[in-house]
Amino acid sequence: MRDDQLKLKMQNAQALAAGYHGWYRVVEVLGIIAFFVLIALIVRRTALSGAGRGFLVASAVMAGYLMADFISGFVHWLADTWGHTNMRFIGASLIRPFREHHVDPKAITRHDFIETNGNNCLISLWVGCICVFMPLDWAGYEAVLLFVMVSLGSMIFWVMMTNQFHKWSHEDEDRLSPAVKALQRWHLILPIRHHGIHHTAPFDKYYCITTGWLNWPLTKLQFFKTLEKLVTLTTGVIPRADDIGLEAAIEVAPVVEPVQPVQPGVSRT
């Protein structure tokens with residue numbers, strides 16, 4: 001099915017954008033404040049406990065960077081592929097922005113810092129609390145505990161930055177700073193052309209959007225395709241039915257046998 005045919009079946013961009021409510025913006029502001037308080041506390045704990053352990057701390061920061069790329073891909077896949085915008089709690093806050101992004105990829109470039117990054121701050125708060133309150137002084141395990149704390153702290157920081165990197169990957173190049181363009185060129189953050197692979201209907205690959213480093217190996221392993229087959233064969237739910245329309249979703253669904261058409265988010269059982 002051609003891209004233009006798929007896009008005709010997708011939801012209205014203006015209706016999706018209207019789902020961003022004022023009350024949720026207040027929640028995001030509070031979440032951003034809480035997130036940066038937690039990051040400051042994690043940095044302080046790292047400075048106090050990481051003296052003389054520079055290599056361990058640096059390794060943990062890099063591990064967190066890789067974990068963030070995987071998590072960005074996994075969450076992106078979930079929000080692109082399953083559920084619908086009317087779902088309670090997560091429909092308007094999590095799923096809606098991904099649906100909007102497919103019909104209006106430039107919308108993210110019009111979002112301010114709060115709308116761009118608020119969601120990721122909110123979903124990271126519980127991990128930040130673990131980092132702040134986890135013990136670091138168990139005898140014989142100090143190095144392991146420090147590594148765990150720093151890697152988790154690094155992970156949530158880069159998860160927070162993911163949507164910013166994602167936003168820059170959709171920005172016009174002449175509006176990007178030289179520093180951002182250099183980071184994209186060196187593939188230290190998500191490059192524009194690399195992310196463009198995802199924005200080919202039916203939007204079913206290259207989900208990782210922190211750096212995109214894991215996109216190629218996960219695609220070669222058919223990681224997400226295999227998960228989709230398992231979900232569809234066990235529940236009957238069709239991937240991307242709410243995003244590109246049920247008929248189009250059935251046509252491109254990676255299943256091993258024909259499935260009975262179902263409504264988005266509804267199983268056959």
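Modeller: Helices are DSSP runs of H or I with at least four residues, numbered from the N terminus. An axis is a line fitted to C-alpha atoms, for helices over the stretch in contact, and angles run from 0 to 180 degrees between N-to-C directions. The model is predicted: local features need pLDDT of at least 70, side-chain atom pairs count only at pLDDT 80 or more, and totals for chains, interfaces and linings use all residues. Residues are numbered from 1 along each chain as its sequence is written, and side-chain values use heavy atoms, without hydrogens and water.

Helix 4 (residues 54–81) packs against helix 7 (residues 142–168) at an angle of about 45°, and their axes lie 7 Å apart. Helix 4 is therefore oblique to helix 7, since angles under 35 degrees count as roughly parallel, over 145 as roughly antiparallel, 65 to 115 as roughly perpendicular and the rest as oblique. The crossing of helix 4 past helix 7 is right-handed, that is, the near helix is turned clockwise from the far one by less than a right angle.

Contact means heavy atoms within 4.5 Å. On helix 4 the contact residues include L56, A60, G64 and I71, and on helix 7 they include F147, S151, M155 and W158. The contact comprises 18 nonpolar, six polar and no charged residues. Here Ala, Val, Leu, Ile, Met, Phe, Trp, Tyr, Cys and Pro count as nonpolar, Asp, Glu, Lys and Arg as charged, and the others, Gly among them, as polar.

Definitions and conventions
Helices (H or I, at least four residues) and strands (E, at least two) are DSSP runs, numbered from the N terminus.
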